[in-house]
Amino acid sequence: MYKERTQTQLRNWLSNKKSQSKKKDFIVEFEPLTFFKWYLEQEKVCHYCGLNEKEQFQLISKGHLNSKRFFTSKNGTRGKHLEIDRKNPLGPYSVDNCVLSCYFCNNDKSDIFSEEGYIKFINSSRVEYLRELIR
């Protein structure tokens with residue numbers, strides 16, 4: 001049964017990102033209260049494709065889509081809830097640079113595309129968009 005992320009799950013995500021930021025080259029500018037407020041204000045739909053969180057949860061939970069990656073996180077929920085994506089993958093985790101993204105778009109976009117580039121990529125013939133980049 002679908003349930004929104006709890007404050008404990010959100011706190012764990014933020015704590016994990018902050019500890020990773022010491023090992024990787026990204027910055028977390030979210031303070032806990034700012035992050036919780038930001039998250040609660042977000043409509044729970046993917047910024048890129050429009051899939052809502054409940055639909056994503058059902059796809060995974062009911063086994064319509066399967067991958068060992070959905071359950072590799074510590075709490076076994078990767079893939080069930082929308083993820084936090086940086087619009088500019090080289091920028092910080094911050095209010096201005098983050099959006100909610102479904103598992104599929106977040107992994108497809110990865111750190112390869114900016115927000116603008118990824119939106120163009122998914123809304124066009126993918127190969128034509130890539131060819132346009134080299135012209």
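Figure 1. The structure holds 8 salt bridges, a salt bridge being a side-chain nitrogen of Lys or Arg within 4 Å of a carboxyl oxygen of Asp or Glu. The model is predicted: local features need pLDDT of at least 70, side-chain atom pairs count only at pLDDT 80 or more, and totals for chains, interfaces and linings use all residues. Residues are numbered from 1 along each chain as its sequence is written, and side-chain values use heavy atoms, with hydrogens and water left out. Glu-41 is exposed at 53% relative accessible area, and Lys-37 is exposed at 52% (buried, under 20%; exposed, over 50%; partly exposed, in between; 1.4 Å probe, protein chains only).

Figure 2. Glu-128 forms a salt bridge with Arg-131, with the closest N and O atoms 3.2 Å apart. These two residues lie 3 residues apart in helix α6 (residues 126–134), about one turn of the helix. Glu-128 is partly exposed at 36% relative accessibility, as is Arg-131 at 42%. A salt bridge also links Glu-128 to Arg-135, the closest N and O atoms being 3.7 Å apart; Arg-135 is exposed at 65%. Through shared partners, salt bridges join Glu-128, Arg-131, Glu-132 and Arg-135 into one network.

**Figure 3. Edge-to-face aromatic pairs.** Rings of Phe, Tyr and Trp (its six-membered ring) pair if their centres lie within 6.5 Å; planes under 30 degrees apart count as stacked, over 60 as edge-to-face and the rest as tilted. By this rule there are 15 aromatic pairs. One of them, Tyr-2 with Phe-57, is edge-to-face, at 5.5 Å centre to centre and 75° between the planes. Tyr-2 lies in the segment before α1 (7–21) and Phe-57 in helix α3 (residues 53–61), so the pair ties together parts 55 residues apart in sequence. Tyr-2 is partly exposed at 23% relative accessibility, whereas Phe-57 is buried at 9%. Tyr-103 and Phe-104 also pair edge-to-face, with ring centres 5.6 Å apart and planes at 85°. Tyr-103 is buried at 5%, and Phe-104 is partly exposed at 30%.

**Figure 4. Aromatic cluster including Tyr-39.** Ring pairs link Trp-13, Phe-30, Phe-35, Phe-36, Trp-38, Tyr-39 and Tyr-93 into a cluster. The charged end of Lys-44 sits over the Tyr-39 ring, 4.6 Å from its centre (NZ of Lys or CZ of Arg within 6 Å of the ring centre and within 35 degrees of the ring normal).

Note on methods
Helices (H or I, at least four residues) and strands (E, at least two) are DSSP runs, numbered from the N terminus.
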